[in-house]
Amino acid sequence: QVQLVESGGGLVQPGGSLRLSCAASGRISRFNVMGWYRQGLGKQREWVGSISSGAAANYADSVKGRFTISRDNAENRVYLQMSSLKPEDTAVYYCHATGILTNYWGQGTQVTVSA
């Protein structure tokens with residue numbers, strides 16, 4: 001079964017940077033699209049960004065220009081590089097993969113942006 005495990009979350013000051021990592025069991029090349037979602041406390045889960053097998057990336061307007069998604073097929077990992085972090089970026093971040101028949105989710109990692 002496919003497992004996605006996020007890591008790299010933590011506490012960071014406003015304006016700081018953080019890199020999240022998503023480790024997948026098996027080859028991520030089998031997934032056409034992988035991406036990230038986030039859910040703040042008491043809020044709905046929202047799409048952050050995604051990256052295709054062709055390395056084309058799309059981002060939500062709220063993070064565009066600050067976040068970058070990348071894929072490392074050799075390491076079977078997907079990364080979310082976050083810069084210029086704002087308090088409103090505070091949320092649990094989830095890794096996501098689109099399979100042929102279903103979607104897969106990680107357990108999430110907490111990111112807190114606060115002084």
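I count a salt bridge when a side-chain nitrogen of Lys or Arg lies within 4 Å of a carboxyl oxygen of Asp or Glu. With that rule in hand, I opened the notebook on this structure.

**Ground rules**

I noted that this is a predicted model, where local features need pLDDT of at least 70 and side-chain atom pairs count only at pLDDT 80 or more, while totals for chains, interfaces and linings use all residues. Residues are numbered from 1 along each chain as its sequence is written, and side-chain values use heavy atoms, with hydrogens and water left out.

**Entry: salt bridges**

I looked up the total, and the count comes to four salt bridges. I started from Arg38, which forms a salt bridge with Glu46, the closest N and O atoms being 2.7 Å apart. For burial I used relative accessible area: under 20% is buried, over 50% is exposed, and partly exposed is in between (1.4 Å probe, protein chains only). Arg38 is buried at 5%, whereas Glu46 is partly exposed at 35%.

Next I checked Asp89, which forms a salt bridge with Arg38, with 2.9 Å between the closest N and O atoms. Asp89 sits in the loop between β8 and β9 and Arg38 in strand β4, so this pair ties together parts that are 51 residues apart in sequence. My strands are DSSP runs (E, at least two residues), numbered from the N terminus; helices would be runs of H or I with at least four residues. Asp89 is buried, with a relative accessible area of 1%.

What does the side chain of Arg66 meet in a salt bridge? I found Asp89 there, at 2.8 Å from N to O. That pair links distant parts of the chain, 23 residues apart: Arg66 is in the loop between β6 (57-59) and β7, and Asp89 in the loop between β8 and β9. Arg66 counts as buried too, at 13%. Putting the entries together, I wrote down a network of salt bridges that links Arg38, Glu46, Arg66 and Asp89.

I then turned to the strands, pairing two of them if DSSP finds at least two bridges between them. An open sheet of four strands came up, in the order β1-β3-β8-β7 with antiparallel pairing. β1 (4-7) and β7 (67-72) stand at the edges with a single partner strand each, so one side of each has no neighbour in the sheet. Neighbouring strands here are turned by 15 degrees against each other on average, direction ignored; the axes are lines fitted to C-alpha atoms (for helices over the stretch in contact), and angles run from 0 to 180 degrees between N-to-C directions.

How many bridges join β7 to β8? I found six, with β8 covering residues 77-82 and the two strands running antiparallel. Arg71 has Val78 in β8 as its bridge partner.

**Entry: the nonpolar core**

I defined a nonpolar core as a set of buried Ala, Val, Leu, Ile, Met, Phe, Trp, Tyr and Cys residues joined through side-chain atoms within 4.5 Å. The largest one has 27 residues, and those with the most contacts inside it are Leu20, Met34, Trp36, Phe67, Leu80, Met82 and Tyr93. At least two core residues come from each of β3 (18-24), β4 (33-39), β5 (46-52), β7, β8, β9 (91-98) and β11 (109-113).

I took a look around Leu80, calling it a contact when heavy atoms are within 4.5 Å. Leaving out residues up to four places away in sequence, Leu80 touches Leu18, Arg19, Leu20, Trp36, Phe67, Thr68, Ile69 and Tyr93.

**Entry: the disulfide**

I searched the whole structure for cysteine sulfur atoms within 2.5 Å of each other, and one disulfide turned up. Cys22 and Cys95 form the link, their sulfur atoms 2.1 Å apart. The link is left-handed, with -80 degrees about the S-S bond. Cys22 is in strand β3 and Cys95 in strand β9, 73 residues apart. Cys22 is buried at 0% relative accessibility, and Cys95 is buried at 0% as well.

**Entry: positive phi**

Which residues have a positive phi although they are not glycines? I noted Ala55 at about 70 degrees and Asn76 at about 55 degrees. Ala55 lies in the loop between β5 and β6 and is exposed at 53%. Asn76 is in the loop between β7 and β8, and counts as buried at 18%.
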